[in-house]
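Could you walk me through this structure in the viewer, step by step? I would like to know what to select next and what I will find there.

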Amino acid sequence: IKTVIAHLRLLINPRDEVAFGRAIEIRPKVADGTIAKLIAHSEAHRLTLLEAAAGAEMITGLPSREARENVLAFGRDMLALAAQADARSVSSLTQEVIRMPSGPAEMLARTNDEQDQRTERVEALREAARTYERQHEQPTLQQWLQDAALAGQEDLVDPEEGHGKVTLGSIHVVKGLEWPAVIGAGIEDRIMPSHHADSDERMEEERRMAHVLLTRAMRTCVLSYSLTRNGRPSGPSPFIAEALGPP
């Protein structure tokens with residue numbers, strides 16, 4: 001997930017060194033030394049990191065021809081995708097990044113360790129992008145990435161590494177992940193379901209999101225709500241009663 005998001009962040013900010021290193025390091029034969037040379041070249045020539053990668057034939061000292069070719073392909077593919085970013089949907093950009101040559105999908109295919117679980121998480125991220133688009137009138141990649149950032153770049157990927165920490169995230173972002181205890185805040189009418197749920201189809205979509213929230217918890221799930229919000233009466237979401245079932 002972090003690798004896919006790093007690619008998407010580069011489409012927004014091609015000077016993001018952290019995202020650049022995370023995205024390009026999965027290419028075969030591209031190690032820390034190569035990445036450092038690319039960053040230094042971009043700074044020396046006032047280029048973005050993607051421009052530096054796309055012009056890697058100008059950089060001396062790369063370890064092998066294969067490394068150079070992989071860097072060139074990465075830079076050119078990402079520049080082409082960045083040029084289309086404003087006209088493409090969030091989900092299509094996510095799909096394109098996952099399936100790009102030598103990208104995350106190929107990395108997963110080369111990895112035996114927890115391959116099925118990791119593939120499931122990537123699929124959940126792609127579905128989260130689709131859900132985000134359905135629930136926003138003007139969805140943008142930048143806004144979706146800001147939403148994803150709420151989950152915490154380190155804690156989001158492997159909850160086992162997050163002992164003693166709290167992970168904050170939207171339901172869209174945490175799809176496919178699980179924690180021993182989950183707290184859902186603001187589970188109120190007109191928030192979940194929102195005031196946009198004005199048809200059976202939209203209501204069912206938000207009901208599915210409530211199900212996603214409940215199933216993130218392995219042992220304990222706490223749902224909270226306010227009796228008043230912004231000076232107006234509020235109360236529990238009808239989904240709480242549905243989840244509890246008959247008395």
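Here is a short tour, going from the whole chain to single residues.

**The whole protein.** Keep in mind that this is a predicted model. Start with a cartoon view: the protein has 12 helices and four strands. Of its 247 residues, 43% count as buried. Among the contacts with a separation of 6 or more, 61% join residues 24 or more positions apart.

**The nonpolar core.** Next, select Leu8, Phe20, Phe74 and Trp144. In the largest nonpolar core, which holds 56 residues, these four touch the most other members. Helix H1 (residues 2–12) gives the most to this core, with six residues. As a general point, nonpolar side chains in soluble globular proteins tend to be buried together.

Stay on tryptophan 144 and show what surrounds it. Setting aside its neighbours within four places in sequence, Trp144 is in contact with Leu8, Val90, Thr94, Leu125, Ala128, Ala129 and Tyr132.

**Where H1 meets H6.** Now display helix H1 together with helix H6 (residues 90–99). The two pack at an angle of about 120°, and their axes are 10 Å apart. Because of that angle, H1 is oblique to H6. The crossing of H1 past H6 is right-handed. To see the contact itself, show the side chains of Val4, His7, Leu8 and Leu11 on H1, then Leu93, Thr94, Val97 and Ile98 on H6. Colour them by type and you will find six nonpolar residues, two polar and no charged.

**Threonine 3.** While H1 is on screen, click on threonine 3, which has its place in this helix. Is threonine 3 buried or exposed? Its relative accessibility is 6%, and buried means under 20%, so threonine 3 counts as buried. Apart from neighbours within four places in sequence, threonine 3 is in contact with Arg22, Ile26, Pro104 and Met107.

**Serine 42.** For the last stop, move to helix H3 (residues 32–44), where serine 42 is found. Serine 42 is also buried, with a relative accessible area of 5%. Which residues does serine 42 contact, leaving aside its neighbours within four places in sequence? Select Leu47, Thr48, Leu49 and Ala52 to see them. Finally, draw a distance from serine 42 to alanine 53: the two are 11 residues apart in sequence, and their C-alpha atoms are 8.6 Å apart in space.

Key. Residues are numbered from 1 along each chain as its sequence is written. This is a predicted model: local features need pLDDT of at least 70, side-chain atom pairs count only at pLDDT 80 or more; totals for chains, interfaces and linings use all residues. Side-chain values use heavy atoms; hydrogens and water are left out. A nonpolar core is a set of buried Ala, Val, Leu, Ile, Met, Phe, Trp, Tyr and Cys residues joined through side-chain atoms within 4.5 Å. Buried means under 20% relative accessible area, exposed over 50%, partly exposed in between (1.4 Å probe, protein chains only). Contact means heavy atoms within 4.5 Å. Axes are lines fitted to C-alpha atoms, for helices over the stretch in contact, and angles run from 0 to 180 degrees between N-to-C directions. Angles under 35 degrees count as roughly parallel, over 145 as roughly antiparallel, 65 to 115 as roughly perpendicular and the rest as oblique. A crossing is left-handed if the near helix is turned anticlockwise from the far one by less than a right angle, and right-handed if clockwise. Ala, Val, Leu, Ile, Met, Phe, Trp, Tyr, Cys and Pro count as nonpolar, Asp, Glu, Lys and Arg as charged, and the others, Gly among them, as polar.
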